[in-house]
Amino acid sequence: MTPPPQGRRAIVIEDHDDIRNLLAQTIGMRGFAVTTAATGLEGIEAVRRDGADLITLDLNLPDLDGLEVCRRVREFSDAYLLMVTARPGEIDRLEGLELGADDYISKPFSPRELQARIEAMFRRPRARAEQADAEELRRAAEVQRSLLPAAAPSVPGYDVAGACRPSRSVGGDFFDWYAAGDGLQVSLADAMGKGMGAALIAATVRAVLRSAAGEPDMARAFRTTCRHLEHDLAHSDSFVTLFHARLDTARAVVDYVDAGHGLGLHVRADGVDRLRTGGPPVGAVPGTEWEPGRIALAPGEALVVVSDGLLDAYEDVEEAVRAVADVVSRHEDAESACTAVLDLASGQALSDDVTAVVVRRRPEPRAAP
């Protein structure tokens, strides 16, 4: 018998409560940390968010066919994948194996059989180089997640939230925020490309932006930052779209610079304005001078910034902008609004990262009657 795989992670994707609990309990007895999901989309998100060494996948799910989940998971994960099926047909099993599943088990099954199947898979290890690459990628994903803000800042009079959903284990999107005097600085960037290279560039941009946090003139700080970045981006033959803003809480004013990003929105009670860009992406045209912009946030209004990965779910930009404004207007708090924005792309096979930041000025208290 193989030793318990301590420290490994399993994702159980199964909509039947009793079977899901049985799978989780049996796999947990083998030393795995287990996360469960009742739908295909939840399972895909769990694998993307947490990583996995083992995935069990029910073929009959309420939202997506299990074969489609297998296909999507294989776009970014090489975890061992065990299909769990009540389907009698051989075609489904063969198709699942062709899509990248490692084995299958038929319902009903015994815990002993399940453990035996898992042990058999792990006795057939991936090639050593592939294992090393997978471990390196998993560690990179952990580091990248650690660089994202751990919690929303407390800003009197405002509600702030942000979230990132990478299309792979690591990606080129990031968001950041930090205090600036009595206000708040917010950034959202998208490095060209995908995977490890884009993630490294994104981490560099974050670090350089933070190095200029003490400069009182936001536009000057942005210009200085970009001069430093241009050299590195030229050597990597890359560029970054970047939205950087500073909120003055006392005046309810947001000063911003949009470098080729184009998806900063001012969401009002009566509509939405798409904020103008101030120039091309950072690194695209060395020596660029970006023109800053400014908006005032009335009570209840929000600054919303999203990455272009969301556009994959819509026919054009204007349709995407209207959809974002609609869900933000329908959610009272920034966190739920931010989650709803990311969920707009949840039915898609993501080809790019999706990131969103919401900064909403709280409504004024209603006067007592």
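Predicted model: local features only at pLDDT ≥ 70, side-chain atom pairs only at ≥ 80, totals over all residues.

Visitor: Which residues make the contact?

Guide: From α2 the contact is made by G40, L41, I44 and V47, while α3 brings V69, R72 and V73. Sorted by class, this contact has 5 nonpolar, 1 polar and 1 charged residues.

Visitor: And which residues of α2 are buried?

Guide: The buried residues of α2 are G40, G43, I44, A46, V47 and R48.

Visitor: What happens at the start of α2, and what comes just after α2?

Guide: At the start, a side-chain oxygen of T39 comes to within 3.1 Å of the backbone nitrogen of E42, and just after the helix G51 takes a positive phi of about 75°.

Visitor: Which residue has a positive phi although it is not a glycine?

Guide: That is A252, whose phi is about 55°. Most residues other than glycine have a negative phi. A252 lies in the loop between β9 and β10 (253–259), and it counts as buried because its relative accessibility is 6%, where buried means under 20%.

Visitor: Switching topic, where is R246, and is R246 buried or exposed?

Guide: R246 is in strand β9 (residues 240–248), and with a relative accessible area of 13% it is buried. Its side chain makes a polar contact, at 2.3 Å, with the side chain of Q185. Leaving aside neighbours within four places in sequence, R246 is also in contact with other residues, including A180, L184, M218 and V253.

Visitor: What kind of peptide bond joins K107 and P108?

Guide: A cis peptide bond joins them, with omega at about -5°, and P108 is found in the loop between β5 (103–106) and α5 (111–122). As background, most peptide bonds are trans.

Visitor: Last one: how far apart are the C-alpha atoms of G271 and S329?

Guide: Those C-alpha atoms are separated by 9.3 Å, although the two residues are 58 residues apart along the chain. G271 is found in strand β12 (residues 271–274), and at 25% relative accessibility it counts as partly exposed.

Conventions: Residues numbered from 1 in each chain as written. Heavy atoms only, no water. Helix = DSSP H or I, 4+ residues; strand = E, 2+ residues; numbered from the N terminus. Buried < 20%, exposed > 50% of the residue type's maximum accessible area, 1.4 Å probe, protein only. Polar contact = N/O pair within 3.5 Å; in protein donor to acceptor, adjacent residues only side chain to side chain. Contact = heavy atoms within 4.5 Å. Nonpolar A, V, L, I, M, F, W, Y, C, P; charged D, E, K, R; others polar.
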